[in-house]
Amino acid sequence: MTYEVWLPFHADDLDGLPDGPNYRFWNGEQDFPADPADCSFYVVPYMKGSDISVRPLAEMRSVQVVQTLSAGIDHVQPGLQLLPEGVKLCNARGVHDASTAELTLTLILSSLRGIPDFVRGQDSEEWRSGFRPALADKSVLIVGYGAVGSAIEDRLVPFELARVARVARSARETARGPVHPITALPELLPEADVVVLITPLTEQTKGLAGAEFLARMKDGALLVNVSRGGVVDTKALLAELESGRITAALDVTDPEPLPPGHPLWHAPGVLISPHVGGPTSAFFPRAKRLLGDQLNRFVNREPLRNVVLTTGS
């Protein structure tokens, strides 16, 4: 049997692909590279949005695997009901750990040390010196302690923190200490100087950082969102920012992209980056290694990595 594989990279640019499949390049263009009905393994184009990601799914009657290049799967979920039963959806766990963890540290340090204000001062040729908070001796709460959350903690270790608290859907133990269940947030939030959101966007986490969550954060705390914009209630966040009680650093927003004129652009105490946690030079080698490994597993009928769900089950 010859498999049809759709890739958002040219096959010649990927090392280690198994021989045998027909590799088709498709990165969201209007025309499909072949009949979607023949596709066996679909690698979703990266950062192309939900409309493009799900467009071929209704016609993919032979597909066995849908592989995203992001850790999140919310952009393909609207099309999963169009697939036949038994299709495995795999995410890119591990591909974005380094990039997203780097950006998280960048946002924390930039916000605490006032880098945006320095840049504005440079633009206007003003010497804006002053006393700024350090990351040292701070307490950090990581909400969503998976692979990226662990990578963030790896990079926090040298900064002489007072404490790192970890939260996930359910409690467990790690080599670094306990991971608390999400039900522990009311007790943990008032103790944190920096709260990092890196949880997937699900029905359970949509609007997680709402008015009650934000109200429990201590005065002067920093909220860092590197997950999905919908995890935060934008209206509630704006109210807290405009009061000056907390600050925020956001790589993701709701809505996204943030439209011109939106009040979040000019809210006090907020640093916004345009969803750039993943797309860096670190992405390509890690994504290519993942695809080579997954496709060899697929062809050799070995268990796939990062299976998030199977349709119809």
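These legends walk through several close-up views of a predicted model. Residues are numbered from 1 along each chain as its sequence is written, and side-chain values use heavy atoms, with hydrogens and water left out. Because the model is predicted, local features need pLDDT of at least 70 and side-chain atom pairs count only at pLDDT 80 or more, while totals for chains, interfaces and linings use all residues.

**View 1. The largest nonpolar core.** Here we're looking at 31 residues, and those with the most contacts inside the core are Leu141, Val195, Phe213, Leu223 and Leu237. A nonpolar core is a set of buried Ala, Val, Leu, Ile, Met, Phe, Trp, Tyr and Cys residues joined through side-chain atoms within 4.5 Å. Buried means under 20% relative accessible area, exposed over 50%, and partly exposed in between (1.4 Å probe, protein chains only). Among the elements giving two or more residues to this core are β6 (139–143), β7 (163–168) and α7 (234–243); α7 gives the most, with 4 residues. Helices (H or I, at least four residues) and strands (E, at least two) are DSSP runs, numbered from the N terminus. Leaving aside residues up to four places away in sequence, Leu237 touches Leu214, Leu223, Val232, Ile246, Ala248, Leu250 and Leu264; contact means heavy atoms within 4.5 Å.

**View 2. Helix α4, tucked in.** Why is helix α4 (residues 147–156) largely enclosed by the rest of the structure? Because 7 of its 10 residues are buried. They are Ala147, Val148, Gly149, Ala151, Ile152, Glu153 and Leu156. The cover over them includes α2 (97–113), β6, β7 and β10.

View 3. Tyr46 and Phe283 form a stacked aromatic pair, 4.3 Å centre to centre with 15° between the planes. Rings of Phe, Tyr and Trp (its six-membered ring) pair if their centres lie within 6.5 Å; planes under 30 degrees apart count as stacked, over 60 as edge-to-face and the rest as tilted. Tyr46 sits in the loop between β3 (39–43) and α1 (50–54) and Phe283 in helix α8 (residues 283–299), so the pair ties together parts 237 residues apart in sequence. Both are buried: Tyr46 has a relative accessible area of 17%, and Phe283 has 2%. Phe283 also pairs with Phe284, this time edge-to-face, at 5.1 Å centre to centre and 70° between the planes. Phe284 counts as partly exposed, at 41% relative accessibility.

View 4. The side chains of Asp74 and Arg228 meet in a salt bridge (3.2 Å, N to O). Asp74 is in the loop between β4 (65–67) and β5 (88–90), and Arg228 is in the loop between β11 (222–225) and α7, 154 residues apart. A salt bridge is a side-chain nitrogen of Lys or Arg within 4 Å of a carboxyl oxygen of Asp or Glu. By this rule the model has 13 salt bridges.

View 5. Arg132 lies in the loop between α3 and β6 and Asp117 in helix α3, so the pair ties together parts that are 15 residues apart in sequence. Arg132 is partly exposed at 28%, as is Asp117 at 25%. These two also belong to a salt-bridge network with Glu126 and Arg128.
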